[in-house]
Amino acid sequence: MNDELQPSGVKQKSEQQPPLALVGWTHLDMPNGIDLRVECARSRIALDNDMIEQQDIVMTRNQALLLARYLLKVTGQTLQEDPKPTFWVRVKQSLAFSRSPARPPARPAARGAPRRWAS
């Protein structure tokens, strides 16, 4: 079967089913990890006919992190870093910080306590 979802160069034995192509995924947070649900199709025809297989993979958060790092490495991709604030944004932030009050605001008097007025 020559199908665009099949990896090129894959030799399959007659008793084996064709390899699966990943077509989607979702996850569910769990207390000690995640449940990664992967959705796969065996061929373009199966995908067109909505014959999508689902498989749940339960992993710890550390396993998920290791998998993410591995996939980034083998694909040659990197995560985008947050842009550094420009010079003027840093100056504005430092001025706003220096204008903040030096002492915390006064707390309201407790109920029933006599109020003391400044003289």
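**Surface, salt bridges and exposure**

Author: The chain has an accessible surface of about 11,500 Å², and 55% of this belongs to carbon and sulfur atoms; such areas come from the Shrake-Rupley method with a 1.4 Å probe, and for residues only the protein chains shown count as cover. This is a predicted model, in which local features need pLDDT of at least 70 and side-chain atom pairs count only at pLDDT 80 or more, while totals for chains, interfaces and linings use all residues. Residues are numbered from 1 along each chain as its sequence is written, and side-chain values use heavy atoms, with hydrogens and water left out.

Reader: How many salt bridges does a search of the whole structure find?

Author: The search finds three salt bridges. The term requires a side-chain nitrogen of Lys or Arg within 4 Å of a carboxyl oxygen of Asp or Glu.

Reader: What makes arginine 61 and aspartate 29 a salt bridge?

Author: Their closest N and O atoms are 3.8 Å apart. The limit is 4 Å, so the pair qualifies. Arginine 61 belongs to helix α2 (residues 61-75) and aspartate 29 to strand β1 (residues 21-30), so the pair ties together parts that are 32 residues apart in sequence. Helices (H or I, at least four residues) and strands (E, at least two) are DSSP runs, numbered from the N terminus.

Reader: Why is aspartate 29 called exposed?

Author: Its relative accessibility is 51%. Exposed means over 50%, buried under 20%, and partly exposed in between (1.4 Å probe, protein chains only). Aspartate 29 therefore counts as exposed. Arginine 61, at 44%, is partly exposed.

Reader: How do you know that aspartate 56 and arginine 37 meet in a salt bridge?

Author: The N to O distance is 3.0 Å, which is within the 4 Å limit. Aspartate 56 lies in strand β3 (residues 53-60) and arginine 37 in strand β2 (residues 33-41), so this pair ties together parts that are 19 residues apart in sequence.

Reader: Why is arginine 42 called partly exposed?

Author: Arginine 42 has a relative accessibility of 22%, and the term covers values between 20% and 50%. The side chain of arginine 42 forms a salt bridge with glutamate 53, with the closest N and O atoms 2.8 Å apart. Glutamate 53, at 33%, also counts as partly exposed.

Reader: What pattern does the chain follow along the sequence?

Author: The pattern is β-β-α-β-α-α, which comes to three helices and three strands.
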